[in-house]
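Try each task before reading its solution.

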Amino acid sequence: MTTQSAPAPRPVYLDNNATTRVDERVVAAMLPFFTEQFGNPSSMHAFGAHVGGAVKQAREQVQALLGAAHDHEIVFTSGGTESDNAALASALEANSGRTEIVTSIVEHPAILAKCEHLEKTRGAKVHVIPVDKQGRLDLDAYRKALSDKTAIVSIMWANNETGTINPVAELAEMAKDVGALFHTDAVQAVGKVPIDLKSTAIDMLSLSGHKLHGPKGIGALYIRRGVRFKSQSKGGHQERGRRAGTENVPGIVGLGCAAELARTTLGADMARIAALRDRLEKGLLQRIGSCFITGDPMSRLPNTCNIAFEYIEGEAILLLLNREGIAASSGSACTSGSLEPSHVMRALGVPYTAAHGATRFSFSRDSTDADVDQVIAVMPGIIARLRELSPFWSNGAADTQSFQPTYA
Ligand SMILES: Cc1ncc(COP(=O)(O)O)c(C=O)c1O
């Protein structure tokens, strides 16, 4: 007797805020820079000159995507984390009289952990601004935190978990009024929303290649012309003395190509992606009870959907989705053996009963209608099965008395 195993489910990748697939055109653009065009852009000879030209073209492609005034305002880095770290550290070094940082409670750890580090090592005072239930910044608290001691404000353009978009242009104007630098972590926004830095007061902006179908380990920091910047790496004079070290040429060329593709397809791609996202949300909310969308429905990235399913664990949802070939992400982080909801869900005050079950689906230009159909087909069954197993959910109703919230 022969046994036949069930066919593997069609893979569905809806975790594009974690990383995206590198576009084939990006790979094709990068390949010659590993072999034929291997020169060092700093070299005087022809091998170097050609490669230097490719780096310049990539800088212009990133400049165009950001609507920056000059290509020299783009400094290539290893990614979002390095750009974020460098912006904060430089601002404190370059503005010796100013010792304070203003940031938000829902920033990525690349900002929050660096702020903590600067507090300990440089004596910086950090103001962490809260957000409301939809992840919107508390503008009164923001205004009060700004002063002539503020060296830098760092507020993300869009949140990676909920997609909530901040009014960064307005926030940058307010920072400018007190003479502070304004940095934004735009890792999740670049390539998803139109950006025109020329028309804003934003001084610095971080982006990362792998979030927009470019390679991993490459990113950029935009530094407005005239902003004093202290390099955080010492050694060579690359990137006009702002980032020492031989350039990652294939990565830079790949990022340039990804930026060009994003710029030329953004409008059409994002309209299609938003429609997919909306269909998924509608389909799930219609079929599944006791769940809700987190984030700001009025001002949200077009590709991000985060739904909190009450009375279940996000990790369990992800495991069962994975069995169906579907990749998503959860708002929980397994720390010290206990599954705690993410700092973002806690900051929004999402009830304990729901924060655990927060599940993020994030789309890209690779996403299709079939992906949405597959999630809508399996998700109601997964949620029903997990709720049957939940000690807090019996006979289709929640035993809310049994919950012991661990945070306010
Ligand atoms: C908002 C945000 N900032 C920074 C980063 C870090 O970027 P990178 O992975 O390029 O270091 C990420 C990555 O997930 C992010 O989502």
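**Exercise 1. Where is the place of His213?**

Before starting, note that this is a predicted model, in which local features need pLDDT of at least 70 and side-chain atom pairs count only at pLDDT 80 or more, while totals for chains, interfaces and linings use all residues. Residues are numbered from 1 along each chain as its sequence is written, and side-chain values use heavy atoms, with hydrogens and water left out.

Step 1. Look in the loop between S7 and strand S8 (219-223), and there you will find His213. Helices (H or I, at least four residues) and strands (E, at least two) are DSSP runs, numbered from the N terminus.

Step 2. Check the backbone angle. Most residues other than glycine have a negative phi. His213 is not a glycine, yet its phi is positive, about 65 degrees.

Step 3. Check the accessibility. His213 counts as buried because its relative accessibility is 5%. Buried means under 20% relative accessible area, exposed over 50%, and partly exposed in between (1.4 Å probe, protein chains only).

**Exercise 2. Is Arg240 buried or exposed?**

Step 1. Go to helix H7 (residues 238-241), where Arg240 has its place.

Step 2. Read its phi: about 55 degrees, a positive value in a residue that is not a glycine.

Step 3. Apply the cut-offs. Arg240 has a relative accessible area of 58%, so this residue is exposed.

**Exercise 3. Which residues come nearest to the ligand?**

Step 1. List the neighbours. There are 13 residues around the ligand, and Thr81, Asp185, Gln188, Ser208 and Lys211 come nearest. Here a residue is near a molecule or strand if one of its heavy atoms lies within 4 Å of it.

Step 2. For Lys211, a polar side-chain atom is 2.5 Å from a ligand oxygen. For Ser208, the distance from a polar side-chain atom to an oxygen atom of the ligand is 2.6 Å. For Gln188, it is 2.8 Å.

Step 3. Consider the cover. The ligand taken alone exposes 390 Å², and 85% of that is buried by the protein. These accessible areas come from the Shrake-Rupley method with a 1.4 Å probe; for residues, only the protein chains shown count as cover.

Step 4. Sort the shell. Helix H3 (residues 80-94) supplies the largest share, three residues. By class, two residues of the shell are nonpolar, eight polar and three charged. In this scheme Ala, Val, Leu, Ile, Met, Phe, Trp, Tyr, Cys and Pro count as nonpolar, Asp, Glu, Lys and Arg as charged, and the others, Gly among them, as polar.

**Exercise 4. How many cavities of 30 Å³ or more does a search of the whole structure find?**

Step 1. Count them: the search finds two. On a 1 Å grid over the protein atoms alone, a cavity is a set of points where a 1.4 Å probe fits but cannot get out, and lining residues have an atom within 4 Å of a point. Grid points are joined across faces, edges and corners, and a volume is the space filled by probe spheres set on the points.

Step 2. Take the largest cavity, which holds about 140 Å³ of space. Its lining has 18 residues, and Gly191, Lys192, Lys211, His213 and Met270 are the closest to its centre. The lining divides into seven nonpolar, seven polar and four charged residues.

Step 3. Turn to the second largest cavity, with a volume of about 40 Å³. Among the residues lining this cavity are Val106, Gly135, Asn159 and Leu348. By class, its lining has three nonpolar, five polar and no charged residues.

**Exercise 5. Which side chain does a polar contact of 3.1 Å join to that of Asn17?**

Step 1. Locate Asn17 in the loop between strand S1 (12-13) and helix H1 (24-30).

Step 2. Name the partner. The side chain is that of Thr304. A polar contact is a pair of N or O atoms within 3.5 Å; within protein, one must be able to donate a hydrogen and the other to accept it, and residues adjacent in sequence count only if both atoms are side-chain atoms.

Terms used:
On a 1 Å grid over the protein atoms alone, a cavity is a set of points where a 1.4 Å probe fits but cannot get out, and a pocket is an open set with protein on both sides within 12 Å along at least five of seven lines; lining residues have an atom within 4 Å of a point.
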